[in-house]
Amino acid sequence: MDSNVYLQLASQMQHHNTANIILKVLETLCFKVKVESVFPTKTDIEKHFDLYLICAKGAPWNDMLPSTLMELAMDRNVLIYNAEKDNICEQLLLLANVKGVFYQDEAPDLLFKGIQKVLSNELWFKRGEICSAFSNLLASQPKQKVISKENDALEKLTNRERTIIRLISQGAQNKDVAEQLHISDHTVKTHLYSAFRKTKARNRIELVNWAQQFLPTIMKSGIDISHQN
């Protein structure tokens, strides 16, 4: 196979077993590999690598994904590797269009197979997680099927709630939102729970999914975060 791969390798992990195995697998597949210790830059993204392998060592992605990762996965093949089971939510990755995830110390044959599957336009997730993700999406369809109902939900949201949804969907944590809006963590949680109720989202994952569909409407509203109730 003649493919270009971007391998993001955290500096402290340069000699880690999983990273070394990944490199050997890519070399076996005769890929052209660019190894970097930083997240892909705009220039790297514009080069259209066939696959981006992003290190998840120590990343707390079981609740919210960083906006940079979500933007990259939107129209690129992204595989997460070196993931820790307690820090990763596969359903959240699926909703963000990430193609698959490798956990720490995966066997070389699984890495080999998974990379090939993703480059063949397939997903590399646990079957149960894929089923659960699709079940959740189907379960939410009755709420999201009628556009007028969603317009009603948008109208019910206050400017502050819209802003918080926008920031949360971009990867901000509660404390980040509190600092940016100069409010307390408790106030952020209050607005967030109100947004859950109005959008019929049962948790942050469903709120992110809702925001991914209707966030453009919020973004176009020209919210001024400096003067809100």
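Predicted model: local features only at pLDDT ≥ 70, side-chain atom pairs only at ≥ 80, totals over all residues.
Residues are numbered from 1 along each chain as its sequence is written, and side-chain values use heavy atoms, with hydrogens and water left out.

Let's start with the whole chain. It has 11 helices and 5 strands (DSSP runs numbered from the N terminus: helices are H or I with at least four residues, strands E with at least two). Of its 229 residues, 47% are buried, meaning under 20% relative accessible area with a 1.4 Å probe, protein chains only.

Now zoom in on two helices. The axes of α9 (residues 174-181) and α10 come within 9 Å and cross at roughly 105°; axes here are lines fitted to C-alpha atoms over the stretch in contact, with angles from 0 to 180 degrees between N-to-C directions. So α9 and α10 are roughly perpendicular to each other. Where do they touch? N174, K175, V177 and A178 in α9 meet D185, V188, K189 and L192 in α10, a contact being heavy atoms within 4.5 Å.

Stay on α10, which spans residues 185-199 and holds S194. Is S194 buried or exposed? S194 is buried, because its relative accessible area is 14%. Its side chain also makes a polar contact with the side chain of E161, at 2.6 Å (a pair of N or O atoms within 3.5 Å, where within protein one must be able to donate a hydrogen and the other to accept it, and residues adjacent in sequence count only if both atoms are side-chain atoms).

Technical notes
Buried < 20%, exposed > 50% of the residue type's maximum accessible area, 1.4 Å probe, protein only. Parallel < 35°, antiparallel > 145°, perpendicular 65-115°, else oblique.
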